[in-house]
Amino acid sequence: MVLQYRLDVVCDDCGDVHEMSMHFMLAEGPPAAGTLEALFSDGELPPQVELFAGTPVACPRTERVYVPEDRARILLVPQEGSRY
Ligand SMILES: [Zn+2]
């Protein structure tokens, strides 16, 4: 089963969860949301996740732009109703 996912990040600056803008498909991805650290405990990320997890995030409150580095603060979230 292929699901569409997005990445959320727990903000370094304000502590809120921000939705990263990009969505992508993953085959054999997890059925429920979790942190990258928990979901990929062997440290191997699927290529799409690796790519998007390295994309800068802009905090809407402080307007700081940064690349999230802590995998315990990046969430992989399946999109509802996106089964293909
Ligand atoms: Zn923020």
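1. Glu50 is part of helix H2, which spans residues 47–53; helices (H or I, at least four residues) and strands (E, at least two) are DSSP runs, numbered from the N terminus. The model is predicted, so local features need pLDDT of at least 70 and side-chain atom pairs count only at pLDDT 80 or more, while totals for chains, interfaces and linings use all residues. Residues are numbered from 1 along each chain as its sequence is written.

2. Glu50 is classed as exposed because it has 12 C-beta neighbours inside 10 Å. On this scale, 20 or more other C-beta atoms within 10 Å make a residue buried, 12 or fewer exposed, and counts in between partly exposed, with C-beta atoms placed from the backbone. Between the C-alpha atoms of Glu50 and Ile74, 24 residues apart along the chain, the separation is 11 Å.

3. The largest nonpolar core has 11 residues, among them Tyr5, Val49, Phe52 and Ile74. Such a core is a set of buried Ala, Val, Leu, Ile, Met, Phe, Trp, Tyr and Cys residues joined through C-beta atoms within 7 Å. At least two residues of this core come from each of strand S1 (2–10), H2 and strand S6 (74–78).

4. An open, antiparallel sheet contains 4 strands in the order S2-S1-S6-S3; strands pair if DSSP finds at least two bridges between them. Strand S2 (17–27) and strand S3 (34–35) are at the edges with a single partner strand each, so one side of each lacks a neighbour in the sheet.

5. S1 and S2 run antiparallel and are joined by 8 bridges. Opposite Asp8 stands Glu19 in S2.
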